[in-house]
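What does this structure look like, from the whole chain down to single residues? The text below goes through it step by step.

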Amino acid sequence: MDTEFVPLLKNKTGDITDASNYRAIAISNAESKFLENVILQRIQSSRDDVSCYQLGFKKGHSTGLCTYMLKQTVEYYTLGGSHVFLCCVDFSKAFDKVNYWKLSRMLLNDSLDFYCIKLLVF
């Protein structure tokens, strides 16, 4: 379960001395990668109720498709003479604010295998 965390620059044109301009990536050993794949397959096989409207965090989908759909929608309404108002939320630090105890309880309530949850918590 050896993992090395390496800082990765988020915005290359931003301030490279600003700590918030970095995010950590985990470089794991082969055993850890194998374990991650086993857990991922167990989770994916138990989750077949994902909404067809969900585009991110779904196999075969990317944020590029979301961006394309947004641009097409804005273009449709602006060419029709309408105003378009857009609100964006910055979730760049959302991962740092996750309540892992609450997440663990939600996974337990979602009938995910107890041992997978225990490994994730570890």
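Helices are DSSP runs of H or I with at least four residues, numbered from the N terminus. In this predicted model, Ser104 lies in helix 3, which covers residues 100-109.

The whole chain comes next. It contains four helices and two strands. Read from the N terminus, the order of these elements is β-β-α-α-α-α. The chain has 122 residues, and 7% of them are buried. Its accessible surface is about 10,900 Å², with carbon and sulfur atoms contributing 60% of that area. Among contacts in the chain with a separation of 6 or more, 30% join residues 24 or more positions apart.

Apart from neighbours within four places in sequence, Ser104 is in contact with Ile117 and Val121.

A second residue to look at is Asn21. It sits in the loop that runs between strand 1 (3-9) and strand 2 (22-28). Asn21 has a relative accessible area of 8% and is therefore buried, by the cut-off of under 20%. Which residues does Asn21 touch, not counting those up to four places away in sequence? They are Leu8, Leu9, Lys10, Asn11, Gly14, Asp15 and Ile16. With Asn11 there is also a polar contact: the side chain of Asn21 reaches the backbone nitrogen of Asn11 at 3.0 Å.

Notes. Residues are numbered from 1 along each chain as its sequence is written. This is a predicted model: local features need pLDDT of at least 70, side-chain atom pairs count only at pLDDT 80 or more; totals for chains, interfaces and linings use all residues. Side-chain values use heavy atoms; hydrogens and water are left out. Buried means under 20% relative accessible area, exposed over 50%, partly exposed in between (1.4 Å probe, protein chains only). A polar contact is a pair of N or O atoms within 3.5 Å; within protein, one must be able to donate a hydrogen and the other to accept it, and residues adjacent in sequence count only if both atoms are side-chain atoms. Contact means heavy atoms within 4.5 Å. Accessible areas come from the Shrake-Rupley method with a 1.4 Å probe; for residues, only the protein chains shown count as cover.
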